[in-house]
Amino acid sequence: MEEIKETVYSVTKRILIKLDALSDQPTGKAYLAKIRNSIGKSINEATDVWQILFENLPEEFLSETKKPKIEELAILTSIQMYALHKQGNDLKLYSDEDAKFKNIGYSLRKLKLDTSSVSINKRFNSMITSTTFEELSNHLRSLIKILKSKFPDMFVDYALLADDLFSYLKGYDQDVRLRWSREYYKMNSKGENNNE
């Protein structure tokens, strides 16, 4: 029997399902707090999340040096965004069925439709034109905070986000920007521009 190769998507999904299942228990709340506290720290300094992260990563995703592998960075950043979105929210934010295969642009489009689209468009454009992963992460964090405050139960496919972040770090940043922008700016089902 052939062994199924793990992907950034599948590993992140497994972590998110565990975190969502534990989220209403003290252990789960402590995990989420540790993950939120790691935001803005390098992986070398984020000692509180090492267990949560490393016990779930296959060996080929783990770096053997001080410099993290891009798999580690993508997955950690995505679960940090999930933990930020989950803060103070008892709803289950991860599902296998809802909005399957829709990227972060799709989720952020709801903000554009509900709030001042000029302000949200500026933030979105700043994010997709980021020149570094750190800059992208900072803009993404800001948009997730706004999404959380306006739509706390909004579904975000954080496993797909991890996969997109991995692609971004692999050098496919233009592809990621294009996919996110397509979903964000897409016409609605009536053929109208969503800015109207």
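Over which ring does the charged end of Lys 112 sit? In this predicted model, the ring is that of Tyr 184, with the charged end of Lys 112 placed 4.8 Å from the ring centre. A charge is taken to sit over a ring if NZ of Lys or CZ of Arg is within 6 Å of the ring centre and within 35 degrees of the ring normal.

The model is a predicted one, in which local features need pLDDT of at least 70 and side-chain atom pairs count only at pLDDT 80 or more, while totals for chains, interfaces and linings use all residues. Residues are numbered from 1 along each chain as its sequence is written, and side-chain values use heavy atoms, with hydrogens and water left out.

The protein chain contains 8 helices and 0 strands, and its elements run α-α-α-α-α-α-α-α from the N terminus on. Helices (H or I, at least four residues) and strands (E, at least two) are DSSP runs, numbered from the N terminus. Of the 196 residues in the protein chain, 46% are buried. Buried means under 20% relative accessible area, exposed over 50%, and partly exposed in between, with a 1.4 Å probe and protein chains only.

The largest nonpolar core has 53 residues, and Leu 108, Met 127 and Trp 180 touch the most other members. Such a core is a set of buried Ala, Val, Leu, Ile, Met, Phe, Trp, Tyr and Cys residues joined through side-chain atoms within 4.5 Å. Two or more residues of this core come from each of helix H1 (8-22), helix H2 (26-37), helix H3 (50-54), H4, helix H5 (104-114), H6, H7 and H8. The most is given by H8, with 11 residues.

The structure holds 6 aromatic pairs. Rings of Phe, Tyr and Trp (its six-membered ring) pair if their centres lie within 6.5 Å; planes under 30 degrees apart count as stacked, over 60 as edge-to-face and the rest as tilted. One of the pairs joins Tyr 82 and Tyr 158 in an edge-to-face arrangement, at 5.8 Å centre to centre and with 80° between the planes. This pair links distant parts of the chain, since Tyr 82 lies in helix H4 and Tyr 158 in helix H8 (residues 158-185), 76 residues apart. The C-alpha atoms of Tyr 158 and Tyr 82 are separated by 6.6 Å. Tyr 82 is buried, at a relative accessible area of 0%, and Tyr 158 also counts as buried, at 0% relative accessibility.

Phe 124 and Tyr 185 form a further pair, which is edge-to-face because the ring centres are 5.9 Å apart and the planes stand at 85°. Phe 124 lies in helix H6 (residues 117-128) and Tyr 185 in helix H8, so this pair ties together parts that are 61 residues apart in sequence. Phe 124 counts as buried, at 0% relative accessibility, whereas Tyr 185 is partly exposed, with a relative accessible area of 29%. Together with Tyr 184, Phe 124 and Tyr 185 form one aromatic cluster.

Ser 167 is found in helix H8 and is buried, with a relative accessible area of 18%. Ser 167 and Ile 70 are 97 residues apart in sequence and 9.1 Å apart in space, C-alpha to C-alpha. Ser 181, likewise in helix H8, counts as buried at 15% relative accessibility. Between the C-alpha atoms of Ser 181 and Tyr 106, which are 75 residues apart along the chain, the separation is 8.7 Å. In helix H4, Ala 83 counts as buried at 0% relative accessibility.

The largest pocket holds about 340 Å³ of space. On a 1 Å grid over the protein atoms alone, a pocket is an open set of points where a 1.4 Å probe fits, with protein on both sides within 12 Å along at least five of seven lines; lining residues have an atom within 4 Å of a point. Grid points are joined across faces, edges and corners, and a volume is the space filled by probe spheres set on the points. The lining of the largest pocket comprises 16 residues, of which Gly 40, Lys 41, Ser 42, Glu 134 and Ser 137 lie nearest its centre. Helix H4 (70-86) and helix H7 (133-150) are the elements that give two or more residues to this lining.
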